[in-house]
Amino acid sequence: MIRFDLDAREATLSARDLIRFDASKALRPEPALGLRARAGTRVHGKRRAEAEAARGDSYRAERSVEYRVERRGWRATVQGRIDGLYREDGAWVVEEVKSVVLDPSRFAPEDLARAVIQEGAFADHRLQLEMYILFLADALVREGPADAGPPRVTGRLVLVNLGGGADPGGDGERAAADPGSREAAIDISPDLDAVRSWVHGRIDLVLDRAEAEEASRSARREAAARIAFPFPSLRPHQGDLAELVRATLEAGENLLASAPTGVGKTAAVLREALRFALERGLRIFWATSRTTGARIVVETLERIAAASGWNGLGGGPPPFRAVVLRAREKVCPRAARGEPVFCHEAFCPWAESYAEKVEGGKLVDRLLAGPVATPEAAVALGAESGACPYELLLDASLGADVSIGDYNYVFDPRSYLRPLFDERLARDAVLVVDEAHNLPARGRASYSPAVERRDGARLDRWAREREDEGVRSWCRRLEGLLAAASEHGREELGDPPVYPVDIDPAIVRSLTEDLDALRTRRLLGGSRGTGSPGGADPLEEFASRWGSFAAAFDAREAMASLVLYDKSGAAGHRLRVLCFDPSGPVGKRIAAFRSSILFSATLEPLEFHRDVIGLPPARTRLASFPSPFPEENRKILVWDRISTYFRSRGRDAAEVARLIEEIASVEPGNYLACFSSYAYLREVQEHMSPWMREAAVVQTPGMTEEARDLVLGKLREHAGGRGPPRTVLAVQGGIFTEGVDYPGKMLVGVIVVGPGLPAVTFDEERVREHFEDRFDQGFEYAYLYPGMSRAVQCAGRAIRSETDIAAIVLLGERFARSQYARLFPQHWYRRSPKELVSKDLVTDLREFWAGVHARADRRDG
Ligand code: SF4
C-alpha cells in the first residue's frame, strides 16, 4: 500500500506497489478462492524448511531490504522482503519463490526459463527479484568496508506450480499422488544500472500520483465548502443531531444515536459526514442492512448534489462521488444466466483481460462521472464493455468519497471487503451504520454458520455421478468428522439434541485447504462449472457454506462462542458455530475506522446496544432525540387486561382476536397487527370473525419483498379511496415491521400483540448465561432488550411524517410492568409510562379519533 505524507513530502511503498500501482486492480478473489494465498503460504513454508535443512546457517529467510532516493523534492522509500538469501560459489543469491497455476503439461522448467528470460513471462515476478538484487547490492556496498569491490549478487526465481490437483505445500502422500515436475529454478543476473533507472522512472510516476492526490485534496476541500443541506429548512432536532455528528467526527470518536422517524437522520448525518470527509480527504462507508436503506441514501445524495450546485453531466465534475455496492451474485452476468460464479480469468469471460478493458474504456472514470454510481450503471457498462460489473463497482468505490453497501462488507468474516478496508484505508475512513439496532443480530448470524450433514451427502452423490474420487474422498473425511461428533453425543452425553463438541482446528484447516485444492484443480481442468441453467454449481455452493463455517470457526476464540453438534430441527444433523456475543469481532472492525456514527429510530437502551456492538464506553457518545411530530397525531395505549405469555396464549387467543377487531372497528382504515411468532399469529387468526378474516392479509414464513410490496399496494389502494380496508397480520422483526414505511393513510393503527421476546432455546439460554456472567443481566440482554426493541419498531411504523395520524395499541400485561415499560421511548409519555395504560380501550380510541376529526373539520372550515 502506497503511503503519502503530503506535508512531509514523503512516499513509502513496497516493491510490489512500484510494479503494479498503475495497473487496474487485479480481480479480487472470490471469497473462498483465497486458495492461492493459502497455498502460496504453504509453498513458502515448505521451501524455507527445505532450504534451511540443506544450507544450514548460511540461509537467511525473509531478509528486509529498502531503497531510498530523493526525487523532485520528495523522499521515496521502496521496501521489500527477500524470501531467501544465501551464498553460492562466492556470490550472494537472492531467491524469490512464487506459486503459479499452470496446466502440468505446460510446466517444463527449460521452456519456462526461456519464457521468463527472453519472452517476458512472469514479468512482475522477475522485476521484483531484480529490484531486490539491486537493493541488496546497494545495502552491501553501504554496509561493507570502503575498499571492498562491488559485491557479487545474483538472483534465482523459483516457480512452484499449484496446478495439477495435489498440493505441493501439503503432505508427501498427496504430492506423490500427482507425478510430474512442480518446480522450476531460473537464474537471473540483471543489469543493475538498467534496473535502477527503471526504478527511478516508476518512482516519478508514483510521485505524479502524489501530486495529483494533492490537487484532488484541495479540490475536495473546496467542494466541502459547497456541500449544502438538501432541504429548504431543518426539522426539529435535526440541527442538534448534525452538530453532534460533527463534534464526534472531530474528536475521532463513535456516536450511537437513537432518533425517531421524522428527525431527518439520513440527511443530517450524510451532509455532516460528507463535509467532514471532503475537508480532510477521508472516505465514508455507509453500511445498510437493507436495500431500501441504500435507496434512501442515494436519493439524499442526489438531493445534496443538486443543492450544492451540480446540475448534470455537462456542468462540471460533481462535488463528490458515491458508489452503491451490491452483492456479487446480484450483478454478475454469469449468475444472471444461471451459470456458476467463478471469478477467475481462466474461467470467466468478464474477468478475462479485465485490466485492459478498464484502462482502454476508462470504465471507472465513466462510472464515476456523476455523483452516484449505481449497480445498474455498472451492469450496463459491463454489458457494453465485457468487464465484470462487480469488480467495476469495487474499483470505483476505491476512488469514491462515499461507498454504500450491506453490513456484510464490513462485518461478515467472509464477505468483508479487504481491498476497501485494509488497515490504512479504514483509518482514513468514517463508518456510518444505518438502522444500527439490526447490527447485533446480524453480527451474531454472520458468526454463527452451520454445515449440514445432508449437504455433505448431497455433494458426495454429485461427485459419485461425475466419478470425482477427489471430492468423494473429501466428503468421506467430512462425514467421518460429523459421525464422530454424533457418536460422542450418543455414547458419552446421553444423546442430547444439541451439545458442544471439541473439534481439532488442524482437521478444519486441512479440510479447508483440500477443498480449495479440489476447486483449483477443477478450475484448471478447464471445466466451466456444472451448474445447470438457473442452478448453482454444487461444489461451489458447498464450498461457500464450508467457507463460512471455517471462517467463523477460525474466529471462535476472539468471540464468545461454542462449536455445537446439533441434531434438532428440520435441517437434520449439523455442525455449527454459535456466537452468542459478537461484540469482539464487530467492535474490532468498527475500531479500525477513524470514527463511526451508528444510528436508528430505536436504540434504547443505548448502553445495551453499545455493549453488544462492542463500542468502547470511553470513546462512544450516546444520544437520544425526541420525536418531532405533533403529539395530538398519535394515541399510544397499553391494554394490560390480557396476557400474551406463551403459557396463556391458547386461553387468550380468542380475546386477542376480539380486541383486534374492536380496535379496527373504531376508525375505518388499514391496520397492522404484529405478533411474536407465526404460531401465535395463526392461533389468533383462527378466532377471527369472517369479516376480519376477509380483511386480513397474512404474512407467511419466507415471504419475499416482492410479495410484501403487493400487500403494500393494497394498503395504498385503500388509502387512495379505492379498495377495502385491510388488516395486516405480521410477525415482529419481519418484513412488514422493519425497514418499511406506511406513509399517509396507509395505516391508521398498529396493534402490538405482546413483546416479541426471543423464544427460549438452547442458543438463547447460552446468550442469557453469557450476559449474566458479563453484566449480571442475562434475561435483559438475551430476551428483554431484543424483544422490546422489536415491539417499539412495530409501534413506530404508523407515524412517519408530521401529517400521519394513527393509534398504537400495545396488548399484554407485560407492557404495563416497569421492567418493560421503562424501555418505551421517552417521547411516548410526559412523566411516566403508566400514563399510557388504558382503562377503557374503546372509549380512549373514540375520543382520540373524535379529536382528530374535529381538528380536521376546523381546518377545512
Ligand atoms: S462476471 Fe461474475 S463470475 Fe465473472 S468475475 Fe465477475 S462476478 Fe465473477
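**Cysteines, strands and salt bridges**

Mentor: Zero disulfides turn up here, a disulfide being a pair of cysteine sulfur atoms within 2.5 Å. This is a predicted model, where local features need pLDDT of at least 70, side-chain atom pairs count only at pLDDT 80 or more, and totals for chains, interfaces and linings use all residues. Residues are numbered from 1 along each chain as its sequence is written, and side-chain values use heavy atoms, leaving out hydrogens and water.

Trainee: Is Cys-332 buried or exposed?
Mentor: Buried means under 20% relative accessible area, exposed over 50%, and partly exposed in between (1.4 Å probe, protein chains only). Cys-332 has 11% relative accessibility, so Cys-332 counts as buried.

Trainee: Which residue in strand 4 is the bridge partner of Glu-66?
Mentor: Strands are DSSP runs (E, at least two residues), numbered from the N terminus, and two of them pair if DSSP finds at least two bridges between them. Strand 3 (residues 60-71) and strand 4 (residues 74-88) run antiparallel, joined by eleven bridges. In strand 4, the partner of Glu-66 is Gln-79.

Trainee: Which residue forms a salt bridge with Asp-204, and how many residues apart in sequence are the parts that the pair ties together?
Mentor: A salt bridge is a side-chain nitrogen of Lys or Arg within 4 Å of a carboxyl oxygen of Asp or Glu. Asp-204 forms one with Arg-71, the closest N and O atoms being 2.8 Å apart. Asp-204 lies in helix 6 (residues 192-226; helices are DSSP runs of H or I, at least four residues) and Arg-71 in strand 3, so the parts tied together are 133 residues apart in sequence.
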